[in-house]
Amino acid sequence: MRTTICCLAIAIVALSPRAGRAQAPASDTASSKTYFDFQVEVPVKARTPVKPVYPSNLRSSRIGGEVLVQFIVDERGNADMNSFKVLRSTDNEFSESVRRAVRASSYHPAEVHGRKVKQLVQQPFMFAR
């Protein structure tokens with residue numbers, strides 16, 4: 001059988017009373033603000049995605065799983081690993097593999113009014129055998 005690791009598109013799942021309305025930066029300190037997907041004109045996009053490594057013991061045991069993570073992509077397109085959180089995971093080894101992959105990946109940053117801004121990202125990863 002062939003091993004498949006699927007990295008789904010970057011998405012943000014957030015509920016807010018202002019959902020659907022973009023907010024303009026309040027001032028020049030807007031670069032310190034973190035935006036949600038629905039608040040940006042150009043959302044974060046993977047520039048050089050790194051696929052997580054399927055842990056060999058889970059692969060040999062034919063164990064599949066999924067991991068949902070959340071992190072901030074800064075204005076330079078780097079994942080802020082201090083903000084990295086595992087929201088859901090079927091196994092800690094999958095989580096650690098995803099953490100290493102996110103750290104090694106780079107992104108095109110989000111934009112609001114032509115300025116690069118921070119964006120909160122939620123991204124699912126699937127490990128299928």
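Guide: Start with burial: buried means under 20% relative accessible area, exposed over 50%, and partly exposed in between, with a 1.4 Å probe and protein chains only. This is a predicted model, in which local features need pLDDT of at least 70, side-chain atom pairs count only at pLDDT 80 or more, and totals for chains, interfaces and linings use all residues. Residues are numbered from 1 along each chain as its sequence is written, and side-chain values use heavy atoms, with hydrogens and water left out.

By that cut-off Phe127 is buried, at 3% relative accessibility. Phe127 sits in strand β8. Helices (H or I, at least four residues) and strands (E, at least two) are DSSP runs, numbered from the N terminus.

Now the core. A nonpolar core is a set of buried Ala, Val, Leu, Ile, Met, Phe, Trp, Tyr and Cys residues joined through side-chain atoms within 4.5 Å. The largest one here has 21 residues. Val69, Phe71, Val98, Val102, Tyr107 and Phe127 have the most contacts inside it. At least two residues of this core come from each of β4 (65-73), β5 (79-89), α2 (92-104), β7 (110-112) and β8 (115-128).

Take Val98. Contact means heavy atoms within 4.5 Å. Leaving out residues up to four places away in sequence, Val98 touches Pro52, Val67, Val69, Phe84, Phe125 and Phe127.

Next, the rings. A pair of aromatic rings is described by the distance of the centres and the angle of the planes. Rings of Phe, Tyr and Trp (its six-membered ring) pair if their centres lie within 6.5 Å; planes under 30 degrees apart count as stacked, over 60 as edge-to-face and the rest as tilted. By this rule there are 6 aromatic pairs.

One of them is Phe71 with Phe84, a stacked pair: 6.4 Å centre to centre, 25 degrees between the planes. Phe71 lies in strand β4 and Phe84 in strand β5, so the pair ties together parts 13 residues apart in sequence. Phe71 is buried at 0% relative accessibility. Phe84 is buried too, with a relative accessible area of 9%.

Phe71 also pairs with Tyr107, and this pair is tilted: 5.7 Å centre to centre, 45 degrees between the planes. Tyr107 is buried, with a relative accessible area of 2%.

Back to Phe127. Tyr54, Phe94 and Phe127 form one aromatic cluster. Phe127 and Phe94 are 33 residues apart in sequence, yet 8.0 Å apart in space, C-alpha to C-alpha.

Ser83 lies in strand β5 and is buried at 17% relative accessible area. The Ser83 side chain reaches the backbone oxygen of Asp80 at 2.7 Å. Beyond four places in sequence, Ser83 touches Gln70, Phe71 and Ile72.

Asp74 is in the loop between β4 and β5. Its relative accessible area is 12%, so Asp74 counts as buried. The Asp74 side chain reaches the backbone nitrogen of Gly77 at 3.0 Å.

Methods
Polar contact = N/O pair within 3.5 Å; in protein donor to acceptor, adjacent residues only side chain to side chain.
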